[in-house]
Amino acid sequence: MNGAQDLGGMMGFGPIGIEADEPMFHAAWEARALAVTLAVGFLGRWSIDEARHARESLPPPVYLTSSYYEIWTRGLETLIRRHGLATSAELETGQPDPAAPALPADLKPAPGPDAAAAILARGSSARRADARPPRFTIGDRVRVRDINTPAHTRAPRYVRGRVGEIVRLHGGFVFPDTGASGAGEQPQACYAVRFAARDLWGETAHPRDCVHADLWDDHLEPAA
Amino acid sequence: MTGHDHDHDDHHHDHGHDHSHDHGHVHGDAHTAPPSPMAARVKAIEALAVAKGLVDPATLDLIIDTYETRVGPRNGARVVARAWTDPAYKARLLADATAAIAELGYTGRQGEDMVALENTGQVHNMVVCTLCSCYPWTVLGLPPVWYKSAPYRSRAVLDPRGVLAEFGCTLGDDVEVRVWDSTAELRYLVLPERPAGTDDWTEDQLAGIVTRDAMIGVSRIAPQAGAPAMAEG
(Lines give C-alpha, C1' and ligand atoms only; values in the text may rest on other atoms or scores of the structure.)
Protein backbone atom coordinates (compact mmCIF):
# COMPACT_ATOMS: atom_id res chain seq x y z
CA MET A 1 0.00 0.00 0.00
CA ASN A 2 1.30 3.42 -0.95
CA GLY A 3 0.49 4.79 2.48
CA ALA A 4 2.25 7.24 4.73
CA GLN A 5 4.16 4.38 6.34
CA ASP A 6 6.30 4.04 3.19
CA LEU A 7 8.75 6.76 4.12
CA GLY A 8 12.01 5.73 2.49
CA GLY A 9 13.50 8.62 0.48
CA MET A 10 11.02 11.31 1.49
CA MET A 11 12.41 14.72 2.42
CA GLY A 12 11.49 17.51 4.74
CA PHE A 13 10.96 15.84 8.10
CA GLY A 14 13.85 17.70 9.69
CA PRO A 15 16.58 16.48 12.04
CA ILE A 16 16.53 13.03 13.62
CA GLY A 17 15.51 14.26 17.08
CA ILE A 18 18.01 12.34 19.15
CA GLU A 19 17.04 12.46 22.80
CA ALA A 20 19.64 12.10 25.57
CA ASP A 21 18.66 9.67 28.34
CA GLU A 22 15.40 8.85 26.64
CA PRO A 23 12.86 7.13 28.91
CA MET A 24 11.40 3.83 27.71
CA PHE A 25 7.93 5.39 27.75
CA HIS A 26 7.18 9.09 27.52
CA ALA A 27 3.84 8.69 29.24
CA ALA A 28 2.24 5.94 31.29
CA TRP A 29 -0.43 5.38 28.64
CA GLU A 30 2.24 4.32 26.14
CA ALA A 31 3.19 1.35 28.32
CA ARG A 32 -0.49 0.40 28.62
CA ALA A 33 -0.93 0.73 24.83
CA LEU A 34 2.02 -1.59 24.21
CA ALA A 35 0.74 -4.14 26.70
CA VAL A 36 -2.89 -4.18 25.59
CA THR A 37 -1.90 -4.39 21.90
CA LEU A 38 0.33 -7.40 22.52
CA ALA A 39 -2.12 -9.04 24.91
CA VAL A 40 -5.13 -8.81 22.58
CA GLY A 41 -2.83 -10.02 19.80
CA PHE A 42 -2.16 -13.17 21.85
CA LEU A 43 -5.74 -14.24 21.08
CA GLY A 44 -4.48 -15.05 17.58
CA ARG A 45 -7.30 -13.41 15.66
CA TRP A 46 -4.96 -11.57 13.24
CA SER A 47 -1.42 -11.81 11.89
CA ILE A 48 1.34 -9.25 12.37
CA ASP A 49 0.91 -8.45 8.67
CA GLU A 50 -2.78 -7.67 9.06
CA ALA A 51 -1.90 -5.53 12.10
CA ARG A 52 0.67 -3.58 10.07
CA HIS A 53 -1.86 -3.06 7.30
CA ALA A 54 -4.38 -1.70 9.80
CA ARG A 55 -1.79 0.86 10.95
CA GLU A 56 -0.63 1.87 7.48
CA SER A 57 -4.24 2.29 6.33
CA LEU A 58 -4.61 5.36 8.53
CA PRO A 59 -5.08 8.48 6.38
CA PRO A 60 -1.62 9.98 5.73
CA PRO A 61 -2.30 13.20 7.68
CA VAL A 62 -3.33 11.12 10.70
CA TYR A 63 -0.42 8.70 10.39
CA LEU A 64 2.18 11.43 10.05
CA THR A 65 0.96 13.43 13.03
CA SER A 66 0.46 10.46 15.35
CA SER A 67 3.02 9.05 17.73
CA TYR A 68 4.11 5.43 17.46
CA TYR A 69 1.83 4.16 20.20
CA GLU A 70 -1.04 6.29 18.93
CA ILE A 71 -0.68 4.54 15.57
CA TRP A 72 -0.67 1.21 17.38
CA THR A 73 -3.77 2.15 19.33
CA ARG A 74 -5.72 3.31 16.30
CA GLY A 75 -4.72 0.12 14.47
CA LEU A 76 -5.81 -1.99 17.44
CA GLU A 77 -9.22 -0.34 17.47
CA THR A 78 -9.65 -1.21 13.78
CA LEU A 79 -8.67 -4.83 14.36
CA ILE A 80 -10.92 -5.21 17.41
CA ARG A 81 -13.92 -3.92 15.45
CA ARG A 82 -13.15 -5.91 12.31
CA HIS A 83 -12.85 -9.19 14.19
CA GLY A 84 -16.01 -8.78 16.21
CA LEU A 85 -14.36 -8.33 19.59
CA ALA A 86 -16.06 -5.00 20.33
CA THR A 87 -18.17 -2.30 18.73
CA SER A 88 -17.23 1.30 18.17
CA ALA A 89 -19.62 2.33 20.95
CA GLU A 90 -17.94 -0.06 23.36
CA LEU A 91 -14.50 1.27 22.43
CA GLU A 92 -15.79 4.76 23.02
CA THR A 93 -17.15 4.12 26.50
CA GLY A 94 -14.87 1.36 27.70
CA GLN A 95 -17.98 -0.51 28.88
CA PRO A 96 -19.39 -3.74 27.43
CA ASP A 97 -22.72 -3.20 25.70
CA PRO A 98 -25.29 -5.95 26.40
CA ALA A 99 -26.74 -5.33 22.95
CA ALA A 100 -23.39 -5.90 21.20
CA PRO A 101 -22.96 -9.08 19.11
CA ALA A 102 -21.61 -12.06 21.03
CA LEU A 103 -17.87 -12.70 20.95
CA PRO A 104 -16.70 -15.26 18.37
CA ALA A 105 -17.58 -18.75 19.55
CA ASP A 106 -14.07 -20.09 18.94
CA LEU A 107 -12.34 -17.36 20.96
CA LYS A 108 -9.61 -18.80 23.19
CA PRO A 109 -9.29 -17.71 26.82
CA ALA A 110 -6.92 -14.80 27.43
CA PRO A 111 -3.45 -16.08 28.43
CA GLY A 112 -2.45 -15.44 32.02
CA PRO A 113 0.97 -14.04 32.92
CA ASP A 114 2.80 -17.39 32.88
CA ALA A 115 1.44 -18.29 29.47
CA ALA A 116 2.18 -14.76 28.23
CA ALA A 117 5.78 -14.96 29.45
CA ALA A 118 6.17 -18.19 27.50
CA ILE A 119 4.67 -16.58 24.37
CA LEU A 120 7.07 -13.63 24.61
CA ALA A 121 10.08 -15.92 25.19
CA ARG A 122 9.16 -18.18 22.29
CA GLY A 123 8.06 -15.53 19.82
CA SER A 124 6.35 -16.48 16.61
CA SER A 125 8.71 -17.12 13.72
CA ALA A 126 7.52 -16.41 10.19
CA ARG A 127 10.03 -18.95 8.83
CA ARG A 128 8.30 -21.88 7.14
CA ALA A 129 9.88 -25.23 6.28
CA ASP A 130 7.29 -25.95 3.59
CA ALA A 131 8.05 -22.82 1.55
CA ARG A 132 8.27 -22.83 -2.26
CA PRO A 133 11.86 -23.40 -3.41
CA PRO A 134 13.75 -20.21 -4.32
CA ARG A 135 13.78 -19.01 -7.94
CA PHE A 136 16.97 -16.98 -7.49
CA THR A 137 20.40 -17.47 -6.01
CA ILE A 138 23.23 -15.30 -4.74
CA GLY A 139 24.62 -13.08 -7.48
CA ASP A 140 21.43 -13.02 -9.56
CA ARG A 141 20.34 -9.63 -10.89
CA VAL A 142 16.68 -9.00 -10.16
CA ARG A 143 14.17 -6.26 -10.79
CA VAL A 144 11.54 -5.40 -8.20
CA ARG A 145 8.06 -5.60 -9.67
CA ASP A 146 6.23 -2.29 -9.81
CA ILE A 147 3.62 -3.12 -7.19
CA ASN A 148 0.94 -0.52 -6.54
CA THR A 149 -1.82 -2.07 -4.50
CA PRO A 150 -4.21 -0.88 -1.81
CA ALA A 151 -3.42 -4.18 -0.07
CA HIS A 152 -0.38 -4.69 2.12
CA THR A 153 3.05 -5.06 0.54
CA ARG A 154 6.54 -5.07 2.03
CA ALA A 155 8.14 -3.87 -1.21
CA PRO A 156 8.85 -0.20 -0.51
CA ARG A 157 8.26 2.34 -3.27
CA TYR A 158 11.90 3.37 -3.50
CA VAL A 159 12.99 -0.07 -4.77
CA ARG A 160 10.09 -0.78 -7.14
CA GLY A 161 11.23 -1.08 -10.73
CA ARG A 162 14.87 -0.96 -9.63
CA VAL A 163 17.53 -3.57 -10.36
CA GLY A 164 19.57 -5.08 -7.57
CA GLU A 165 21.60 -8.16 -6.74
CA ILE A 166 20.70 -11.06 -4.48
CA VAL A 167 23.29 -11.12 -1.67
CA ARG A 168 21.67 -13.38 0.94
CA LEU A 169 19.22 -16.25 0.88
CA HIS A 170 17.21 -15.91 4.05
CA GLY A 171 15.11 -19.05 3.57
CA GLY A 172 11.36 -19.54 3.32
CA PHE A 173 9.05 -17.06 5.05
CA VAL A 174 5.37 -16.19 5.18
CA PHE A 175 4.56 -13.80 2.33
CA PRO A 176 3.19 -10.70 4.11
CA ASP A 177 1.38 -9.37 1.03
CA THR A 178 -1.05 -12.29 1.17
CA GLY A 179 -0.72 -13.02 4.88
CA ALA A 180 -2.19 -9.60 5.63
CA SER A 181 -5.37 -10.11 3.64
CA GLY A 182 -6.50 -13.60 4.57
CA ALA A 183 -5.24 -14.97 1.23
CA GLY A 184 -2.96 -17.39 3.03
CA GLU A 185 0.66 -17.46 4.06
CA GLN A 186 1.99 -18.58 0.63
CA PRO A 187 5.44 -19.20 2.17
CA GLN A 188 8.28 -18.55 -0.26
CA ALA A 189 11.92 -17.55 -0.46
CA CYS A 190 13.00 -14.26 1.04
CA TYR A 191 16.26 -12.60 -0.01
CA ALA A 192 18.43 -9.65 0.90
CA VAL A 193 18.69 -7.62 -2.31
CA ARG A 194 21.47 -5.04 -2.63
CA PHE A 195 20.88 -1.86 -4.57
CA ALA A 196 23.69 0.53 -5.40
CA ALA A 197 22.79 3.87 -3.82
CA ARG A 198 23.29 5.55 -7.20
CA ASP A 199 20.82 3.16 -8.84
CA LEU A 200 18.20 4.28 -6.32
CA TRP A 201 18.93 7.96 -5.86
CA GLY A 202 21.04 9.06 -8.80
CA GLU A 203 24.21 11.04 -8.97
CA THR A 204 23.87 12.73 -5.59
CA ALA A 205 24.35 9.40 -3.80
CA HIS A 206 27.78 8.31 -2.61
CA PRO A 207 29.39 5.99 -5.20
CA ARG A 208 30.42 3.40 -2.60
CA ASP A 209 27.14 3.12 -0.71
CA CYS A 210 24.34 0.62 -1.04
CA VAL A 211 20.93 -0.15 0.43
CA HIS A 212 19.53 -3.63 1.09
CA ALA A 213 15.89 -4.57 1.28
CA ASP A 214 14.48 -7.97 2.20
CA LEU A 215 12.20 -9.05 -0.63
CA TRP A 216 10.30 -12.19 -1.51
CA ASP A 217 10.17 -14.27 -4.69
CA ASP A 218 6.82 -12.79 -5.73
CA HIS A 219 8.27 -9.25 -5.49
CA LEU A 220 11.03 -10.02 -7.99
CA GLU A 221 11.62 -10.83 -11.64
CA PRO A 222 14.83 -11.68 -13.45
CA ALA A 223 16.85 -8.72 -14.76
CA ALA A 224 19.29 -8.92 -17.62
CA MET B 1 29.50 6.03 26.97
CA THR B 2 26.92 3.68 28.41
CA GLY B 3 23.81 5.04 26.79
CA HIS B 4 21.98 1.75 27.13
CA ASP B 5 21.85 1.70 30.90
CA HIS B 6 18.86 3.93 31.25
CA ASP B 7 16.76 1.35 29.54
CA HIS B 8 17.01 -0.81 32.60
CA ASP B 9 17.72 0.96 35.79
CA ASP B 10 16.69 4.54 35.78
CA HIS B 11 13.06 4.39 34.92
CA HIS B 12 10.82 2.52 37.24
CA HIS B 13 7.26 3.26 36.36
CA ASP B 14 4.30 2.65 38.51
CA HIS B 15 3.01 -0.64 37.19
CA GLY B 16 -0.40 -0.12 38.67
CA HIS B 17 -3.48 0.92 36.89
CA ASP B 18 -3.42 4.58 37.61
CA HIS B 19 -2.33 5.77 34.24
CA SER B 20 -4.03 9.11 34.31
CA HIS B 21 -0.81 10.93 35.11
CA ASP B 22 1.48 11.66 32.22
CA HIS B 23 5.09 12.63 32.54
CA GLY B 24 5.43 16.18 31.41
CA HIS B 25 8.13 15.70 28.80
CA VAL B 26 8.12 18.23 26.03
CA HIS B 27 9.41 17.35 22.59
CA GLY B 28 9.81 19.26 19.43
CA ASP B 29 8.62 16.69 16.94
CA ALA B 30 5.27 15.50 15.74
CA HIS B 31 5.83 12.03 17.17
CA THR B 32 4.87 12.89 20.68
CA ALA B 33 1.11 12.83 20.89
CA PRO B 34 -1.00 15.16 22.96
CA PRO B 35 -1.15 12.95 26.04
CA SER B 36 -4.56 13.33 27.61
CA PRO B 37 -6.93 12.21 24.82
CA MET B 38 -4.76 9.20 24.08
CA ALA B 39 -4.47 8.29 27.75
CA ALA B 40 -8.27 8.26 27.95
CA ARG B 41 -8.60 6.26 24.75
CA VAL B 42 -6.12 3.61 25.86
CA LYS B 43 -7.74 3.44 29.27
CA ALA B 44 -11.10 2.76 27.63
CA ILE B 45 -9.67 -0.03 25.44
CA GLU B 46 -7.95 -1.62 28.40
CA ALA B 47 -11.02 -1.45 30.63
CA LEU B 48 -13.18 -2.89 27.87
CA ALA B 49 -10.71 -5.68 27.04
CA VAL B 50 -10.53 -6.68 30.71
CA ALA B 51 -14.31 -6.52 31.14
CA LYS B 52 -14.88 -8.71 28.07
CA GLY B 53 -12.23 -11.20 29.13
CA LEU B 54 -9.98 -10.45 26.15
CA VAL B 55 -6.96 -9.82 28.36
CA ASP B 56 -5.83 -10.80 31.83
CA PRO B 57 -4.80 -7.65 33.77
CA ALA B 58 -1.82 -9.49 35.27
CA THR B 59 -0.62 -10.23 31.73
CA LEU B 60 -0.54 -6.52 30.94
CA ASP B 61 1.75 -5.90 33.90
CA LEU B 62 3.92 -8.86 32.93
CA ILE B 63 4.41 -7.45 29.42
CA ILE B 64 5.41 -4.02 30.69
CA ASP B 65 7.75 -5.44 33.31
CA THR B 66 9.41 -7.66 30.68
CA TYR B 67 10.36 -4.74 28.46
CA GLU B 68 11.12 -2.27 31.25
CA THR B 69 13.38 -4.49 33.30
CA ARG B 70 14.34 -7.72 31.54
CA VAL B 71 14.87 -7.16 27.84
CA GLY B 72 17.18 -4.40 26.67
CA PRO B 73 20.48 -3.45 25.05
CA ARG B 74 22.54 -5.22 27.68
CA ASN B 75 21.58 -8.45 25.98
CA GLY B 76 23.03 -7.25 22.70
CA ALA B 77 26.10 -5.86 24.45
CA ARG B 78 26.74 -9.32 25.87
CA VAL B 79 26.50 -10.83 22.38
CA VAL B 80 28.96 -8.28 20.99
CA ALA B 81 31.43 -8.68 23.85
CA ARG B 82 31.35 -12.45 23.45
CA ALA B 83 31.98 -12.11 19.72
CA TRP B 84 34.92 -9.78 20.37
CA THR B 85 36.57 -12.19 22.82
CA ASP B 86 35.70 -15.59 21.33
CA PRO B 87 36.53 -16.07 17.62
CA ALA B 88 34.56 -19.31 17.41
CA TYR B 89 31.48 -17.56 18.81
CA LYS B 90 31.92 -14.71 16.35
CA ALA B 91 32.06 -17.19 13.48
CA ARG B 92 28.85 -18.82 14.69
CA LEU B 93 27.20 -15.41 15.12
CA LEU B 94 27.98 -14.38 11.56
CA ALA B 95 26.94 -17.76 10.15
CA ASP B 96 23.69 -18.21 12.13
CA ALA B 97 22.90 -15.29 14.38
CA THR B 98 19.62 -16.76 15.61
CA ALA B 99 21.33 -19.84 17.05
CA ALA B 100 24.36 -17.96 18.39
CA ILE B 101 22.21 -15.38 20.18
CA ALA B 102 19.99 -18.14 21.56
CA GLU B 103 23.14 -19.72 23.07
CA LEU B 104 23.22 -16.76 25.44
CA GLY B 105 19.53 -17.15 26.24
CA TYR B 106 18.14 -14.31 24.18
CA THR B 107 15.15 -15.57 22.23
CA GLY B 108 11.60 -14.56 21.59
CA ARG B 109 9.36 -11.94 20.17
CA GLN B 110 10.92 -9.65 17.53
CA GLY B 111 14.09 -11.72 17.60
CA GLU B 112 12.82 -14.99 16.20
CA ASP B 113 15.11 -14.84 13.17
CA MET B 114 18.28 -12.78 13.50
CA VAL B 115 21.08 -11.64 11.16
CA ALA B 116 24.39 -10.19 12.40
CA LEU B 117 26.33 -7.67 10.28
CA GLU B 118 30.02 -7.05 10.95
CA ASN B 119 31.45 -3.56 10.80
CA THR B 120 35.10 -3.18 9.77
CA GLY B 121 37.41 -0.34 8.85
CA GLN B 122 36.10 -0.57 5.27
CA VAL B 123 32.42 -1.41 5.78
CA HIS B 124 29.87 0.34 7.98
CA ASN B 125 26.44 -1.27 8.33
CA MET B 126 23.39 0.58 9.63
CA VAL B 127 19.82 -0.61 10.11
CA VAL B 128 16.45 1.04 9.52
CA CYS B 129 12.85 0.01 8.97
CA THR B 130 11.39 2.43 6.45
CA LEU B 131 7.94 0.78 6.53
CA CYS B 132 7.24 0.58 10.25
CA SER B 133 9.69 0.19 13.11
CA CYS B 134 11.06 -3.36 12.98
CA TYR B 135 13.74 -3.71 15.62
CA PRO B 136 15.45 -6.63 17.39
CA TRP B 137 13.66 -6.50 20.74
CA THR B 138 15.39 -9.59 22.12
CA VAL B 139 18.85 -8.01 21.99
CA LEU B 140 18.10 -4.26 22.05
CA GLY B 141 14.75 -3.94 23.83
CA LEU B 142 12.08 -1.54 22.59
CA PRO B 143 13.30 1.02 20.04
CA PRO B 144 13.95 4.67 20.87
CA VAL B 145 11.55 7.26 19.48
CA TRP B 146 14.03 8.51 16.88
CA TYR B 147 14.29 5.04 15.34
CA LYS B 148 10.50 5.00 14.86
CA SER B 149 10.31 8.58 13.62
CA ALA B 150 9.71 9.87 10.10
CA PRO B 151 13.05 11.76 9.97
CA TYR B 152 15.13 8.63 10.53
CA ARG B 153 12.98 6.27 8.48
CA SER B 154 12.86 8.62 5.49
CA ARG B 155 16.51 9.68 5.43
CA ALA B 156 18.48 6.59 6.51
CA VAL B 157 18.18 5.08 3.02
CA LEU B 158 18.53 8.34 1.07
CA ASP B 159 21.24 10.13 3.02
CA PRO B 160 22.89 7.66 5.40
CA ARG B 161 26.05 9.74 5.78
CA GLY B 162 24.05 12.80 6.71
CA VAL B 163 22.14 10.79 9.30
CA LEU B 164 25.36 9.32 10.68
CA ALA B 165 26.81 12.82 10.99
CA GLU B 166 23.85 13.81 13.17
CA PHE B 167 24.90 11.02 15.51
CA GLY B 168 28.46 12.38 15.47
CA CYS B 169 29.72 9.60 13.23
CA THR B 170 31.73 10.83 10.25
CA LEU B 171 33.02 8.25 7.81
CA GLY B 172 35.71 8.62 5.17
CA ASP B 173 35.00 8.33 1.47
CA ASP B 174 36.92 5.05 1.48
CA VAL B 175 34.33 3.43 3.77
CA GLU B 176 31.36 1.67 2.19
CA VAL B 177 28.07 2.41 3.94
CA ARG B 178 25.63 -0.49 3.77
CA VAL B 179 22.09 0.34 4.83
CA TRP B 180 19.76 -2.57 5.70
CA ASP B 181 16.02 -1.93 5.48
CA SER B 182 14.24 -4.44 7.76
CA THR B 183 11.36 -5.19 5.41
CA ALA B 184 10.98 -8.85 6.48
CA GLU B 185 10.61 -10.78 9.74
CA LEU B 186 14.38 -10.75 10.15
CA ARG B 187 16.01 -8.55 12.73
CA TYR B 188 19.48 -7.16 12.24
CA LEU B 189 22.19 -6.68 14.85
CA VAL B 190 25.31 -4.72 13.92
CA LEU B 191 28.55 -6.12 15.34
CA PRO B 192 30.56 -2.93 15.89
CA GLU B 193 34.33 -2.75 15.46
CA ARG B 194 36.16 -3.47 18.67
CA PRO B 195 37.71 -0.15 19.69
CA ALA B 196 41.44 0.35 20.10
CA GLY B 197 42.81 0.27 23.63
CA THR B 198 40.74 -2.74 24.75
CA ASP B 199 43.14 -5.58 23.99
CA ASP B 200 43.43 -6.80 27.58
CA TRP B 201 39.82 -6.15 28.60
CA THR B 202 37.52 -8.82 29.92
CA GLU B 203 34.19 -9.69 28.34
CA ASP B 204 32.38 -7.90 31.18
CA GLN B 205 34.44 -4.76 30.68
CA LEU B 206 33.79 -4.83 26.95
CA ALA B 207 30.05 -5.35 27.42
CA GLY B 208 30.04 -2.13 29.46
CA ILE B 209 31.11 0.03 26.52
CA VAL B 210 28.88 -1.45 23.81
CA THR B 211 26.13 1.05 23.07
CA ARG B 212 22.68 0.54 21.64
CA ASP B 213 23.40 3.04 18.88
CA ALA B 214 26.53 1.16 17.80
CA MET B 215 24.45 -2.01 17.51
CA ILE B 216 21.93 -0.19 15.28
CA GLY B 217 24.91 1.10 13.32
CA VAL B 218 24.39 4.84 13.74
CA SER B 219 27.59 5.26 15.70
CA ARG B 220 30.93 3.64 16.37
CA ILE B 221 32.52 2.93 19.71
CA ALA B 222 35.31 5.37 20.48
CA PRO B 223 38.88 4.25 21.21
CA GLN B 224 39.39 3.65 24.93
CA ALA B 225 42.17 5.16 27.00
CA GLY B 226 42.07 2.76 29.93
CA ALA B 227 40.02 -0.14 31.20
CA PRO B 228 37.00 0.77 33.33
CA ALA B 229 37.18 -0.28 36.97
CA MET B 230 34.27 -2.61 36.31
CA ALA B 231 31.35 -2.48 33.97
CA GLU B 232 28.05 -1.82 35.68
CA GLY B 233 25.90 -4.88 36.11
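Helices and strands here are DSSP runs, helices of at least four residues and strands of at least two, numbered from the N terminus. The model is predicted.

**Figure 1. Order of elements in chain A.** Chain A holds eight helices and five strands. Along the sequence, the pattern reads α-α-α-α-α-α-β-β-α-β-α-β-β.

**Figure 2. Extent and packing of chain A.** The C-alpha atoms of chain A fill a box of roughly 60 × 45 × 35 Å along the principal axes. Chain A has 224 residues, and 53% of them count as buried. Take the contacts between residues at least 6 apart in sequence: 67% of these join residues at least 24 apart.

**Figure 3. Surface and charges of chain A.** The accessible surface of chain A is about 9,600 Å². Carbon and sulfur atoms account for 54% of that surface. Chain A carries 24 positive and 28 negative charges.

Figure 4. The structure has zero disulfides over all chains. For Cys210(A), the closest cysteine sulfur belongs to Cys169(B). The two sulfurs are 16 Å apart, so they are too far from each other for a bond. Cys210(A) counts as buried because its relative accessibility is 4%.

**Figure 5. Cys134(B) and Cys132(B).** Cys134(B) is in no disulfide either. Its nearest cysteine sulfur is that of Cys132(B), 3.5 Å away. A disulfide requires the sulfur atoms to be within 2.5 Å. Cys134(B) is buried, with a relative accessible area of 3%.

Methods
Residues are numbered from 1 along each chain as its sequence is written. Chains are lettered from A and ligands numbered from 1 in the order in which they are written. This is a predicted model: local features need pLDDT of at least 70, side-chain atom pairs count only at pLDDT 80 or more; totals for chains, interfaces and linings use all residues. Side-chain values use heavy atoms; hydrogens and water are left out. Buried means under 20% relative accessible area, exposed over 50%, partly exposed in between (1.4 Å probe, protein chains only). Contact means heavy atoms within 4.5 Å. Accessible areas come from the Shrake-Rupley method with a 1.4 Å probe; for residues, only the protein chains shown count as cover. Lys and Arg count as positive and Asp and Glu as negative; His and the chain ends are not counted. The place of a charge is taken as NZ of Lys, CZ of Arg, CG of Asp or CD of Glu.
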